[in-house]
Amino acid sequence: MGVNAAIPSEIAADQPQLAAIALSKRFGGVRAVEDVTIAVRNREIVSIIGPNGAGKTSLLNMISGFYRPNGGSIVFEDRDITNARPSQIARLGIARTFQNIALFRGLTVLDNIMLGRHVHMRSGAFASLLYWGPAQKEEAQHRARVEELIEFLKLQDVRKQPTGALPYGLRKRVELGRALALDPKVMLLDEPSMGLAPVIVQEVFRTIQRLKQDGMTMLLVEQFAKTALTVSDYAYVMERGRIAIEGPPAELHKNERVLAAYLG
């Protein structure tokens with residue numbers, strides 16, 4: 001399916017890198033997401049803000065393949081990925097972080113991030129970690145990239161520590177490193193500041209700014225609307241499963257409804 005065939009004309013004109021078109025998701029009689037259309041263009045940060053239960057994470061779960069939509073379609077770089085599995089979507093270049101950290105607590109920081117290289121490994125991620133036969137040469141090649149990410153995320157001091165022993169904020173950083181280890185074209189960030197102290201939240205968003213400067217395309221789900229809008233090129237406000245308002249941050253800052261509900 002081509003982009004122009006799938007995406008409404010007003011969106012298709014700019015050829016978005018990633019688009020969700022009229023997506024819907026129901027859980028029994030509950031409509032978690034209803035007729036949602038969004039577009040993410042190359043090298044942009046697009047934010048989805050809104051209250052708990054608005055459907056933001058359900059939307060990310062459909063884009064990343066963890067939920068199958070009940071209606072609508074998802075297009076990535078002119079390819080229909082609506083029914084693709086999470087592993088297929090990762091191989092295409094879409095990485096994902098989660099609200100609830102999903103790391104291997106007994107593995108070190110370095111090994112957890114190394115697992116993020118699995119889509120690039122012919123020998124398999126666990127074979128590489130265990131340093132089996134032909135995986136030795138491949139492991140050395142990928143380790144250099146992992147060490148770059150450890151330095152970028154300022155994790156050098158804890159690189160050999162088990163992630164289960166780390167404070168929550170550091171574990172969030174390790175999860176981001178594992179996602180970046182895929183060398184993704186698009187990063188889906190699900191509440192990266194959730195549960196963090198304000199000073200750590202600012203550090204997280206400084207990292208997001210650095211990724212933006214490096215050209216990373218990102219779709220950011222975030223409850224802290226004010227902070228999210230400072231790094232975003234475009235934003236959608238989700239309420240009760242639908243897009244209620246959308247526009248550039250400068251416009252949303254002038255919207256009385258957004259000011260009252262999210263920026264006050």
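Me: Which residue is the bridge partner of Ala 19 in β4?

Reply: Strands of a sheet pair through backbone hydrogen bonds, either parallel or antiparallel. Here the bridge partner of Ala 19 in β4 is Val 75, and five bridges join β1 (residues 18-27) to β4 (residues 71-76), which run antiparallel. Two strands count as paired if DSSP finds at least two bridges between them, and the strands (E, at least two residues) and helices (H or I, at least four) are DSSP runs numbered from the N terminus. This is a predicted model, in which local features need pLDDT of at least 70, side-chain atom pairs count only at pLDDT 80 or more, and totals for chains, interfaces and linings use all residues. Residues are numbered from 1 along each chain as its sequence is written, and side-chain values use heavy atoms, with hydrogens and water left out.

Me: What is the order of strands in the open sheet of four?

Reply: The order is β2-β1-β4-β5, with antiparallel pairing. Because β2 (30-40) and β5 (79-80) stand at the edges with a single partner strand each, one side of each is left without a neighbour in the sheet.

Me: Which strands does β9 pair with?

Reply: Strand β9 (residues 234-239) is joined to β10 (residues 242-247) by five bridges, and the two run antiparallel, whereas four bridges join β3 (residues 45-49) to β9 in a parallel arrangement. In β9, Tyr 234 is the bridge partner of Val 46, while Tyr 236 has Glu 246 of β10 as its partner and Glu 239 has Arg 242. β9 and β10 form a hairpin with two residues between them, and Arg 240 in the turn has a positive phi of about 55 degrees.

Me: Is α8 mostly covered or exposed?

Reply: Burial is read from relative accessible area, where buried means under 20%, exposed over 50%, and partly exposed in between (1.4 Å probe, protein chains only). By that rule α8 is mostly covered, with 11 of its 13 residues buried, including Leu 170, Arg 171 and Gly 177.

Me: How many cavities of 30 Å³ or more are counted?

Reply: A cavity is a set of points, on a 1 Å grid over the protein atoms alone, where a 1.4 Å probe fits but cannot get out, and lining residues have an atom within 4 Å of a point. The count comes to one cavity of 30 Å³ or more; of the 16 residues that line the largest cavity, the closest to its centre are Lys 172, Arg 173, Leu 176, Pro 192 and Val 204. α8 (168-180), β7 (186-190) and α9 (198-213) each supply at least two residues of this lining.

Definitions and conventions
1 Å grid on protein atoms, 1.4 Å probe; cavity = no way out; pocket = protein on both sides within 12 Å on 5 of 7 lines; lining within 4 Å. Points joined across faces, edges and corners; volume = space filled by probe spheres on them.
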